[in-house]
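I shall speak about backbone angles in loops and then about a sheet with its helices.

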Amino acid sequence: MASMTPEGPLIPPRPTRIAAAETPRAAMASPVVIAAVIIAGLYFGREILIPIAIALLLSFVLGPLVHFLRRVRIPRLLAVGLTVMLTMGVVAALATLIGVQVADLAGDVPRYRATIERKVEGLRESPVGRITEYVAGIGRAIHEAGAPERGDKQADKPAAEPGAEPEPKPVVVETRQPMPGPLETAEKLLSPALKPLATAGIVVVVLIFVLMQREDLRDRMIRLAGSSDLHRTTVAMDDAARRLSRYFVAQLALNAAFGVAIGAGLYLIGVPNPVLWGIFAALMRFVPYIGAFLCALFPMALAAAVDPGWNMLIATGLLFVVLEPLVGQIFEPMLYGHSTGLSPLAVLVSALFWTWLWGPIGLLLSTPLTVCLVVLGRHVDKLEFLDVLFGNTPALTPVENFYQRILADDPEEAQEHADLILAECSLSAYYDTVVVKGLELAARDAARGVLTVEQKSAIRESVTELIEELAERDDAAPEDAPTGGGKGVCDREDGVPFAPKPPTLPEAWTRSGAVLCVAGRGFLDEAAAAILAQLLAKRGLGTRVVPFSDLARAKIDAFEPGPAQLVCIVSLAIAGEPTHLRRLARRLRQRLPEVPLLVGLWQADDVATAPTAIPAETHVATLRGAVEAVVGMVREEGAPGRSTRTPEPAEA
């Protein structure tokens, strides 16, 4: 699920692809070398790249404020200066507040130590403490049992000979460093603060330039991404920047509100330094997975050290247990979506990767940096691999996923995939937009000669088993299905008209075999005919699937049509003129001259030539069109004043 902003998903879904993905032909050596060089540059240049990354992320947060000041007629230089000064003031105030709180906490540590010692002593007197002491006593007994053996070994050493000189005792030498001078003392005191100050200075300088040159940087990114389609690239870049800005602002506001709520709750509970823990909780929510655990660990430890009993500890734990799921499961989806648009594995791997590269700062920046990369991958064609690697959009489309599972001879997974889509779609929509297009991929591979006989047989068996499993399902979308759901396959009108059956159905059409679904010669045409027969049967029509072999020239005279009211020829017709279908239609015309003929060339390359190539009353190009056409004929046949036609026997 992509993250949501007031303007839509943070990371818009990729367009659905039908054709099979082509394997990249580029050599692997070059990408691997480039990736190694980039990772090495990120590692060895971290002293400079970390401030730049922080400045770029801050520019997304502060960009709306600069834009607002510009709209009220404030010059850009003054707007940027006011924004940066305000940010520096807030950061300095928070740093001062944290320092004061930490100093106050450090002064009360001796008082907390006595409380902890009393609690430990109380635990020793409890049943759990007695069991622990008993186990420790057994360990000491085992240790003491081995002591005499070590004493015997010491006694076995030979005694010193009489009159021998005693071994000289070692002389203790004490080395003293000279007293440091004023410069050395100042260096030791200031060196821990020099690095953070230098980093902060670089961040401020880069942030000012980024905010001042925002449009120029956008133009340069457009040039790097490709200027052949200037309008599309400009819209994509502006849209990505706007979505990222809104996402980071919403995340910052939500985490700040979480910190305020934690601080207020700890104040009411009575935990010391609630302001410090509120700020700490807000910062830790930026850390994926372990952030919520870390922000609760230290306040709970302090609560255990302050309160002689256990009430404060329990209340603190309940505060985090209630607020964290409330914010994560309710408020986050309302503001910007449940997730960041990243797959869970990508969030974990990015956290490990950036922590390895840049340490704790990398852990805090891992999710925002990866989100930026995925957004670029969605909007820049050359960086699409980033979206494939880290995005939460499935790597394969529903059609490709279906074909991969039947190709792997895994009908169970194909059934699970169907259940997910049918939770939001009707059976007709699933067959029309997923199964039929998946069969098209299989037919194209068969036409190219890349499928073996065993693979064709496995595909047929998997599809047949899937159709049989879906035979008991109603052809109607679930009542609680969201609009436009179905994993991207229900974007158009769901189902077909008159579902699940026409209001009036003539008796002649309900007999078994009233609609003959004749399969073409392709190895999947019979499965396609079975799908059409199943959908028509769910509307109360009597159907019968006829294999292509039963209507061969040598067998057509012996074929028994039964009470046929309509003949439907079904074929995928992937390439070339369907000559065998034309001959099949002529044989059926001669055998059943009074029965109308419907030809469904699903996914044909040139459907426009079908009416001239194959003689028939009706031509359709999709499964949906075939069901609509048949149901329309039935309604017309059963209209008032119309009599149901009974076909005459064919002339000899």
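Predicted model: local features only at pLDDT ≥ 70, side-chain atom pairs only at ≥ 80, totals over all residues.

Let me begin with its backbone. As a general point, most residues other than glycine have a negative phi. Arg73 is not a glycine, yet its phi is positive, near 70°. Is Arg73 buried or exposed? Arg73 is exposed, as its relative accessible area is 79%.

A second residue with a positive phi is Asn273, where the value is near 55°. Asn273 also belongs to a loop, the one between helix H9 (230-269) and helix H10 (274-284). With a relative accessible area of 6%, however, Asn273 is buried, since the cut-off for buried is under 20%.

I now turn to the sheet. Five strands form an open sheet in the order S4-S3-S5-S6-S7, and their pairing is parallel. Which strands stand at the edges? They are strand S4 (543-546) and strand S7 (618-620); each has a single partner strand, so one side of each lacks a neighbour in the sheet. From one strand to the next, the twist averages 20°.

Strand S3 (residues 515-519) pairs with S4 in the parallel sense over four bridges. Within this pair, Val515 has Thr543 in S4 as its bridge partner.

Finally, consider the helices. Helix H21 (residues 525-537) packs on the sheet and touches S3, S4 and strand S5 (566-571), with its direction at about 160° to that of S3. Helix H22 (residues 579-591) also packs on the sheet, touching S3, S5 and strand S6 (597-601). The direction of H22 makes about 170° with that of S5.

Note on methods
Residues numbered from 1 in each chain as written. Heavy atoms only, no water. Buried < 20%, exposed > 50% of the residue type's maximum accessible area, 1.4 Å probe, protein only. Helix = DSSP H or I, 4+ residues; strand = E, 2+ residues; numbered from the N terminus. Pairing = 2+ DSSP bridges. Axes fitted to C-alpha atoms, helices over the stretch in contact; angles between N-to-C directions. Contact = heavy atoms within 4.5 Å.
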